[in-house]
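This report describes the strands of one protein model and how they pair. The sequence and structure come first, followed by the notes.

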Amino acid sequence: MSRHSSRARAALLAAAVLALLAGCKEPPGSSLFPLEEGRRWTYRLSSEWENDTRERETVVLSNLGRDSVLESGSAWHRRSDTGLDYWLRADATGIYRVAAKSDVDAEPKPDPAPRFVLKAPIAVGTSWQTTTTTYLMRRNSEFPPEIRHAHPSVPVVWTIEALDDRVEVPAGRFEQCVRVKGLALLRLFADPVNGFKDMPLTTLEWYCPGVGLVKVERREPANSTFLTGGTMTMELMEWQ
């Protein structure tokens, strides 16, 4: 697997998990995703495919503070070392992204609508919808093999499932964490026997008070002769 494709997956994953903080009165969820300037998180990103291919790398996310580069006004700026920048805001409705910029973009691209990371109220059962794409799934005999090129925007429903999870990662053990589940279904031609199938794209994310995003698990099973799926895990190694 090429270094370029590995970094592309890391960038896609980072794009799905970024947010912001603002104001004297903390918005809902702000302690679960701190964005004050100078904060930095280092993650271990591990990918494994159904054909037993494996990859591991690190991803670093950094808070750059509040700026006013967007026409819509100021927002908190966060950067991933995969080459992506994000601008986010928070209010009584929750924490959400408002723009993003890749290393090939001249200017930030505003999101058509707020893209929630955590939606208020922070309570079991709260749900919202965004879009996702495949990080791992690919075709075995077509070029380009990555499914995301043909399906860049798949609807995904997110739901807060728990408020008191315990999570253990290389950075340590964390208590009272919020677990969020995302579920998307992507209809693909699996093989001549099964025809088209709804392929589940499942994400679990854990946000812990005062620290932020601690762990992400992504599962994209294929179980097909035409397709290869896999799993990806991002775990916090250190933060400041």
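## The β1–β2 hairpin

Strands β1 and β2 form a hairpin with four residues between them, and D52 in the turn has a positive phi of about 70°. Strands here are DSSP runs (E, at least two residues), numbered from the N terminus. β1 (residues 40–49) and β2 (residues 54–70) pair in the antiparallel sense over nine bridges; two strands count as paired if DSSP finds at least two bridges between them. Within this pair, R44 stands opposite T58 in β2.

## Basis of the model

This is a predicted model, in which local features need pLDDT of at least 70, side-chain atom pairs count only at pLDDT 80 or more, and totals for chains, interfaces and linings use all residues. Residues are numbered from 1 along each chain as its sequence is written, and side-chain values use heavy atoms, with hydrogens and water left out.

## Surroundings of β1

β1 is also joined to strand β14 (residues 230–239) by nine bridges, and these two strands run antiparallel. The bridge partner of W41 in β14 is W239.

Seven of the ten residues of β1 are buried, so this strand is largely enclosed by the rest of the structure. Buried means under 20% relative accessible area, exposed over 50%, and partly exposed in between, with a 1.4 Å probe and protein chains only.

## The sheet as a whole

Twelve strands make up an open sheet with antiparallel pairing, in the order β6-β5-β4-β3-β2-β1-β14-β12-β11-β10-β9-β7. β6 (109–119) and β7 stand at the edges with a single partner strand each, so one side of each is left without a neighbour in the sheet. From one strand to the next, the twist averages 30°; axes are lines fitted to C-alpha atoms, and angles run from 0 to 180 degrees between N-to-C directions.

β7 (residues 127–132) is joined to β9 (residues 154–169) by six bridges, the two running antiparallel. Here Q129 stands opposite V157 in β9. Nine antiparallel bridges join β9 to β10 (residues 172–191), and a hairpin connects these two strands through two residues. D165 stands opposite C177 in β10.

β11 (residues 195–208) pairs with β12 (residues 212–220) over seven bridges in the antiparallel sense. Y207 has L213 in β12 as its bridge partner.

## L88 in β4

L88 lies in strand β4 (residues 84–91). At 0% relative accessibility, L88 counts as buried. The C-alpha atoms of L88 and A75 are separated by 5.4 Å, with the two residues 13 residues apart along the chain.
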